[in-house]
Amino acid sequence: MPMQPNQIQVFYELPILPGKARELKEIARKMVAMNDAEEPGTLVYNVYINPEETLFTYLETYLDSETGLFHAKRFAEGVYVGQIIELTDGGRLCFYGNVSPEFKRRAADAGFEPEYFELIDGYVR
């Protein structure tokens, strides 16, 4: 099955402050449950931690820029963003796919310096 042309994928990696991994894992579980229940346009929302517990990574796939913006707005206005910022140090945010100018503007206005990548070709099984 070809990847849908408007899908947006997001990679967000954050260095964890020492001793804060357990708290981040608890927050991640709550965020995943909330997004699963309230974001039907979020197709994939996975959160990972490396074995050393120094990197916290989100892998997300949205139906399109509109559903990505919906998530971004909820995240920015939600209870978890402040907690995550307090437990991490900076981060790398990458967008993959046909990201709308509005979505790009929202990321920049939020203070991110995202990286953007255009799809060459691919598929989803």
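User: Is Glu26 buried, partly exposed or exposed?

Analyst: This is a predicted model, in which local features need pLDDT of at least 70, side-chain atom pairs count only at pLDDT 80 or more, and totals for chains, interfaces and linings use all residues. Residues are numbered from 1 along each chain as its sequence is written, and side-chain values use heavy atoms, with hydrogens and water left out. Buried means under 20% relative accessible area, exposed over 50%, and partly exposed in between (1.4 Å probe, protein chains only). Glu26 has 37% relative accessibility, so Glu26 counts as partly exposed.

User: With which residue does Arg22 form a salt bridge?

Analyst: A salt bridge is a side-chain nitrogen of Lys or Arg within 4 Å of a carboxyl oxygen of Asp or Glu. Helices (H or I, at least four residues) and strands (E, at least two) are DSSP runs, numbered from the N terminus. The closest N and O atoms are 2.7 Å apart, and the partner is Glu26.

User: How many residues apart are Arg74 and Glu38?

Analyst: The side chains of Arg74 and Glu38 meet in a salt bridge, at 2.3 Å from N to O. The pair links distant parts of the chain, Arg74 being in helix H2 (residues 65–77) and Glu38 in helix H1, and the separation is 36 residues.

User: Which residues are linked with Glu38 in a network of salt bridges?

Analyst: Glu38 is partly exposed, at a relative accessible area of 43%. The residues linked with Glu38 in the network are Glu39 and Arg74.

User: Which strands does the salt bridge between Glu115 and Arg92 tie together?

Analyst: The two side chains meet at 2.7 Å, N to O. Glu115 is partly exposed at 30%, and Arg92 is partly exposed at 37%. Glu115 lies in residues 115–117 and Arg92 in residues 92–97, so the pair ties together parts 23 residues apart in sequence, namely strands E5 and E4.

User: Do E4 and E5 pair in the parallel or the antiparallel sense?

Analyst: Two strands pair if DSSP finds at least two bridges between them. Tyr96 stands opposite Phe117 in E5. E4 and E5 have three bridges, and the sense is parallel.

User: What is the bridge partner of Tyr12 in E4?

Analyst: Strand E1 (residues 8–15) and E4 run antiparallel and are joined by six bridges. In E4, the partner of Tyr12 is Leu93.

User: Is Val99 buried or exposed?

Analyst: Val99 lies in the loop between E4 and H4. Leaving aside neighbours within four places in sequence, Val99 is in contact (heavy atoms within 4.5 Å) with Ile8, Ser65, Lys104 and Tyr116. Because its relative accessibility is 8%, Val99 counts as buried.

User: Which element gives the largest share of the lining of the largest pocket?

Analyst: On a 1 Å grid over the protein atoms alone, a pocket is an open set of points where a 1.4 Å probe fits, with protein on both sides within 12 Å along at least five of seven lines, and lining residues have an atom within 4 Å of a point. The largest pocket is lined by 32 residues, of which Tyr12, Phe75, Leu93, Ala110 and Phe112 lie nearest its centre. The largest share is five residues, and the element is H2.
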